[in-house]
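Open your viewer and get your selection tool ready. We will walk through one protein together, stop by stop.

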Amino acid sequence: DSQEIELRQDSAMLLRTDMRSKKINLKEANAKHREISSTVAVLGEELKHATSRLAELQSGRGKTLASEPDIKIFEFWLSIPGYSGNIRNAKAEMIMHGSLQHVSNVSSTSKSGLGGGIVGGLIFGPLGAAAGVLATRKSKVSTQVQQVDTRQVELQITGPGYAWSVLAHSGYADKFRALRDLINAYGSSPKGIQDSLRAQTTTVNLLQEKLATQKAYLQLAAKEAEERSVVYEITKKEFKTTRLSLIADLKFRWACLSNFWQWLAILGGPVLLVILAGATTYA
């Protein structure tokens, strides 16, 4: 009957409002879950790098700065032939030997002019022969500049109780210069590995605590999002079973209209459809 239909319609409207509210709550819970998940991922990457750094320090050497066949330089360690130990107080010096010279080689070639003399002698006699020799005799002088490079570069490394050096072609100057600067910089650094180790251990512990806290928050957020999803689905299902069908809903709404609005809909409805069709066609 109409009273039952009206009650169902009112219940459906209330459930629709409740369903929209629960849907908003579900979106908020999912957004919070995504935010905490992003934070957990960032902290995980930071902890990964911090743990790797801690392992470098725990090895007693620190980060690798340079690695060559005979020499390896770390933050707190130096390894060269005859020595492998702390880099503190290590010193390096680069020395250039030899020189770069340019040597000039001068050479000359000359053409005797005998052929011209013979031709001149046959035509003009002895005087023509002399003139032919002078006219055809030529001399050519050429100069070649040769570069002689005897330069060599030497890298000397000294420290408490050890000394080592290596000699190479001058083309190694840039590489030796970089090694020299690293050894001098870290050999004179006042920072010790124990201080760095303590600071890095503290950093790792703090990151582990933050990550554990955020993971706990993430579990709570996931649980809350799941609960809100269940509540929303229950309300949605209840709304679908309570609401009227489309035809019944239209009949109910039509019956609720007064005679004036019913006649206005009957007369104005086709006009509005024509206007809508014309506007759509024009567009």
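The tour begins with the whole chain and then moves to a few selected spots.

**Before you click.** This is a predicted model, in which local features need pLDDT of at least 70, side-chain atom pairs count only at pLDDT 80 or more, and totals for chains, interfaces and linings use all residues. Numbering starts from 1 along each chain as its sequence is written, and side-chain values use heavy atoms, with hydrogens and water left out.

**Stop 1: the whole protein.** Colour by secondary structure and you will find seven helices and nine strands; these are DSSP runs numbered from the N terminus, helices being H or I with at least four residues and strands E with at least two. Of the 283 residues, 24% are buried (under 20% relative accessible area with a 1.4 Å probe, protein chains only; exposed is over 50%, partly exposed in between).

Stop 2: How many aromatic pairs does a search of the whole structure find? There are two, a pair being rings of Phe, Tyr or Trp (its six-membered ring) with centres within 6.5 Å; planes under 30 degrees apart are stacked, over 60 edge-to-face, and the rest tilted. Select Tyr83 and Tyr162: their ring centres are 3.8 Å apart and their planes at 15°, so this pair is stacked. The pair joins distant parts of the chain, with Tyr83 in strand β4 (residues 83-86) and Tyr162 in strand β9 (residues 162-169), 79 residues apart. Tyr162 is buried, at 9% relative accessibility.

**Stop 3: Tyr172 and Phe176.** This aromatic pair is tilted, at 6.1 Å centre to centre with 40° between the planes.

**Stop 4: helix α4.** Now select residues 173-187, which form helix α4. Show the side chains of Ala173, Phe176, Leu179, Ile183 and Gly187, which are buried. Look down the axis of α4: its buried residues fall within an arc of 125°, so they line one face of the helix (the arc is that of the directions from the helix axis to the C-beta atoms). Among the elements covering these buried residues are β1 (64-67), β5 (91-97) and β9.

**Stop 5: Ser196.** Finish in helix α5 (residues 193-242), where Ser196 has its place. Ser196 is buried, with a relative accessible area of 12%. Leaving aside residues up to four places away in sequence, Ser196 touches Leu57, Phe76 and Lys191, a contact meaning heavy atoms within 4.5 Å.

Conventions. The expected span of a helix is 1.5 Å times one less than its number of residues.
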